[in-house]
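Hello,

Here is the structure for your files. My notes on it follow below.

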Amino acid sequence: MNTELVVKIALNSWNFEYNRFKKLLDKISNEQLLKEVAPGKNTGIYLFGHLTAVADAMRPMFDLGPALFPELGLPFVSTPDKSGLEFPTPDALRAMWAQVLEKSNADFQNMPAEDWFKRHSMVSEEDFAKEPHRNRFSVLLSRTIHQAYHAGQVALLVEKTA
């Protein structure tokens, strides 16, 4: 298998999960997003914000430019749900998520295949020399799985209609 094909397969998986989550969000009201996915567990808005912040953090990690919404890191990555920090409204978060994914997906499609196997900014050159698997491609794969996992949790908020 060549590098271009492997990258295309991974990007197709990323886009599949992105589109699956987008369809899920279209089914969920803002009020549903504010609920816990299960008693005592994270709220939908927290998981949604978390996925947005993590996707946004990939931009500087891959040297594609700064995060569009770095302010999401504190409430959605650095601290747990129900920490008392204020979250954006569901509508504001929906707009941020759409902007992050639109920009990131465009950048991902334009990234040369060989660049996916380069070091990302969170690993030192010394560590990368010892562990070349710590590259942008492996981050893309792990973030795709991460998105699918949390989408499964958020899906619990979809109200069943008879």
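**Aromatic pairs and the first helix**

Tyr-46 is buried, at 8% relative accessible area (buried is under 20%, exposed over 50%, partly exposed in between; 1.4 Å probe, protein chains only). This is a predicted model, where local features need pLDDT of at least 70, side-chain atom pairs count only at pLDDT 80 or more, and totals for chains, interfaces and linings use all residues. Residues are numbered from 1 along each chain as its sequence is written, and side-chain values use heavy atoms, with hydrogens and water left out.

Phe-87 is partly exposed, at 21%.

The whole structure holds twelve aromatic pairs (rings of Phe, Tyr and Trp, the last by its six-membered ring, with centres within 6.5 Å; planes under 30 degrees apart are stacked, over 60 edge-to-face, the rest tilted). Tyr-46 and Phe-87 form a tilted pair, because their planes stand at 40°, with ring centres 6.1 Å apart. Tyr-46 sits in helix α3 (residues 44–61) and Phe-87 in the loop between α4 (73–78) and α5 (90–110), so the pair ties together parts 41 residues apart in sequence. Helices here are DSSP runs (H or I, at least four residues), numbered from the N terminus.

Ring pairs also link Trp-14, Phe-62, Phe-108 and Trp-116 into a cluster.

Trp-14 is one of the buried residues of α1, which also include Val-7, Leu-11, Tyr-18 and Phe-21. Their cover includes α2 (30–33), α3, α5 and α7 (136–154) (contact: heavy atoms within 4.5 Å).

Helix α1 covers residues 3–27. Its 25 residues reach 37 Å from first C-alpha to last, close to the expected 36 Å (1.5 Å times one less than the number of residues).

Best wishes

Note on methods
Helix = DSSP H or I, 4+ residues; strand = E, 2+ residues; numbered from the N terminus.
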